[in-house]
Amino acid sequence: MNWISKLERKFGRYAIQNLMFYVIALYTVGFALSLVAPEFYYQYLSLNIEAVFHGQIWRLVTFLMQPPNSSALFMVFALYLYYMIGRQLEYAWGAFRFNLYFFTGALFHILAAILVYVIAGVSFPLGTFYLNLSLFFAFAALYPNEQFLLFMVIPIKVKYLAWLDAAYFGYAILQAFLPAYRGSVFGIVYKANALAAVVSILNFLIFYVSTRNMKRYSPKEVRRKKAYKKAVYEAKREQHYEGGAKHKCAVCGRTELDDENLEFRYCSKCNGNYEYCQDHLFTHEHVK
């Protein structure tokens with residue numbers, strides 16, 4: 001069991017369900033603010049590390065309000081796209097893993113902004129652009145053959161768009177090393193953008209490597225798990241153990257009446273509705 005699974009077992013109950021709904025709500029508020037007071041976001045809400053060091057710690061959260069687009073028309077499409085991507089990722093991974101991926105990306109952006117400030121002495125406000133692109137990377141890894149309509153007309157698979165995304169990331173990183181921009185104001189801007197691109201890729205790679213087997217989140221596997229959970233739910237409704245216990249370990253026979261702190265889970269790899277306590281969930285032999 002990897003570190004993500006361990007965290008999920010311990011903190012999974014605190015995950016925010018339908019997180020992308022709240023993220024989209026933040027983007028909507030940020031867009032409305034940009035229409036009413038265009039400079040308000042950068043003056044009071046952006047990720048200005050110098051201002052954070054002077055006590056404006058709310059910026060560590062409010063920088064997430066930066067909308068993905070300044071055009072009303074493209075804003076609607078962007079919000080729909082990111083909501084769809086976020087919901088699909090949460091549906092495939094579960095609320096905790098999606099929460100972890102999104103907030104880790106946000107934390108990496110904060111660390112990148114701090115590094116830029118410490119190294120260059122300039123507070124460069126990193127927004128949500130690369131954070132959103134990292135969501136698209138994860139979506140492409142799970143659903144590479146899904147199709148989007150490019151320019152509303154041309155069907156193109158997500159994996160090809162992801163390669164274009166990767167090329168853009170590479171170009172953003174390369175710009176920081178071009179001699180023409182070294183020592184100039186643009187040089188600082190490009191270095192900050194490069195760092196934001198790097199941490200976004202780093203977030204994706206850490207999560208991808210830690211998850212190891214991304215195939216288990218394929219659409220087919222997600223449907224299988226959904227059907228399994230439904231069968232388990234129906235079985236639990238009819239299930240009634242001796243003494244009124246609702247859970248019983250198939251290995252040791254303990255129930256929640258033996259220890260109220262015991263946790264029980266069904267094993268998706270066993271053929272049948274076999275339930276195990278926390279001590280035997282990952283150590284039992286699978287029933288074939």
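This briefing looks at the cysteines and at one pair of packed helices. The model is a predicted one, where local features need pLDDT of at least 70 and side-chain atom pairs count only at pLDDT 80 or more, while totals for chains, interfaces and linings use all residues. Residues are numbered from 1 along each chain as its sequence is written, and side-chain values use heavy atoms, leaving out hydrogens and water.

**Cysteines**

- The structure holds zero disulfides (a disulfide is a pair of cysteine sulfur atoms within 2.5 Å).
- Cysteine 249 is in no disulfide, and its nearest cysteine sulfur, in cysteine 252, is 3.6 Å away.
- Cysteine 249 has a relative accessible area of 2%, so it is buried (under 20% relative accessible area; over 50% is exposed and in between is partly exposed, with a 1.4 Å probe and protein chains only).
- For cysteine 270, the closest cysteine sulfur is that of cysteine 267, and 3.7 Å is too far for a bond.
- Cysteine 270 also counts as buried, at 4% relative accessibility.

**Helices H2 and H6**

- Helix H2 covers residues 19-36 and helix H6 residues 72-93; they pack at about 165 degrees, with axes 9 Å apart (helices are DSSP runs of H or I, at least four residues, numbered from the N terminus; axes are lines fitted to C-alpha atoms over the stretch in contact, and angles run from 0 to 180 degrees between N-to-C directions).
- That angle makes H2 roughly antiparallel to H6 (angles over 145 degrees count this way).
- Residues in contact (heavy atoms within 4.5 Å) include Phe21 and Tyr27 of H2, and Leu79 and Arg87 of H6.

Notes:
Helix = DSSP H or I, 4+ residues; strand = E, 2+ residues; numbered from the N terminus. Parallel < 35°, antiparallel > 145°, perpendicular 65-115°, else oblique.
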